[in-house]
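Look at the structure shown here.

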Amino acid sequence: MILVVGDLVDDIGVRPLGSVNAASDTVSEIRMTAGGSAANVAAWLGHLGAPVRFVGRCGADAVSRHVAALEAYGVDARISGDPDLPTATIVLTLDDAADRTMYVDRAANTTLTDDHVPAEVWQGVTWLHLTGYSFFDDGVRPVALRLVEEARRRGAGVSIDPSSLGFLEQAGRETVLGWLEGADLVFPNDDEQRFLQLTGDGIVLTRGAEGATFGAYAVPALATDAVDTVGAGDAFAAGFLSRWTSDGDPEASLAAGAKAAAECVAVRGARPAGGVLRG
């Protein structure tokens with residue numbers, strides 16, 4: 001069982017359908033989809049048939065909606081509702097498939113505490129996955145660090161996706177390296193790796209159209225018509241972990257990550273178009 005703990009978000013994607021009219025109206029395609037880097041990873045893991053449990057927070061009025069959305073992928077969703085804060089929201093402006101600006105309100109994600117990750121969620125867990133957003137948040141960071149410690153105590157593997165170059169730069173390289181010390185695998189992209197300069201055996205480097213590398217192994221990006229790149233890194237991490245946690249094969253894990261990322265960018269939104277894959 002893979003345990004994923006972290007952010008759960010309502011993504012609002014805005015794609016202008018013509019030239020942007022500054023300080024006036026621009027006709028656009030606007031869609032709300034379920035998102036959040038950690039929740040996306042859980043959805044892709046479930047979609048790929050991996051046993052996965054997700055723990056996160058949202059507004060009290062959205063618990064049933066987000067539980068149902070993740071359960072559709074086979075995820076064991078342990079989502080609690082905040083009575084005061086709404087579900088986290090990100091507004092994404094998508095001028096083309098590769099260019100995006102994100103406006104973030106973490107809202108209920110900021111209220112995750114140790115009480116929301118009780119001992120029973122660790123039942124059967126052999127791997128823990130976290131994203132950088134839980135470490136960037138001053139209130140949630142202690143919870144994330146304790147989760148890593150608990151995983152190590154239980155003999156479970158740990159992976160972390162650094163997630164956001166802007167937030168990494170604000171935190172500082174040495175601070176971030178301290179957060180990553182307990183991880184067996186880290187999933188930086190090219191920009192994040194240039195900043196962090198990570199070394200060691202557990203670096204899974206995602207390079208967008210250039211593919212991905214893991215030690216001496218490399219995989220090209222699969223050809224696809226890119227519709228929306230949001231969530232591609234989450235899909236890749238899920239694909240990689242779905243194989244790595246079952247057989248530890250680096251080539252097969254990279255290939256599974258590349259396949260999931262290609263599937264992700266071919267559709268609108270950060271999660272799979274279908275439910276659980278069978279066979």
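## Terms and model

Two strands pair if DSSP finds at least two bridges between them. Helices (H or I, at least four residues) and strands (E, at least two) are DSSP runs, numbered from the N terminus. The model is predicted: local features need pLDDT of at least 70 and side-chain atom pairs count only at pLDDT 80 or more, while totals for chains, interfaces and linings use all residues. Residues are numbered from 1 along each chain as its sequence is written, and side-chain values use heavy atoms, without hydrogens and water.

## The sheet

An open sheet is formed by six strands in the order β5-β4-β1-β8-β9-β10, with parallel pairing. Its edge strands, β5 (76-82) and β10 (185-186), each pair on one side only.

Strands β8 (residues 127-131) and β9 (residues 157-161) run parallel and are joined by five bridges. In β9, S159 stands opposite H129.

## Helices α1 and α8

Helix α1 (residues 37-47) packs against helix α8 (residues 232-247) at an angle of about 45°, and their axes are 8 Å apart. Axes are lines fitted to C-alpha atoms, for helices over the stretch in contact, and angles run from 0 to 180 degrees between N-to-C directions. Therefore α1 is oblique to α8 (under 35 degrees is roughly parallel, over 145 roughly antiparallel, 65 to 115 roughly perpendicular, and the rest oblique).

In contact (heavy atoms within 4.5 Å), S37, N40, V41, W44 and L45 of α1 meet D234, A235, A238, L241 and S242 of α8.
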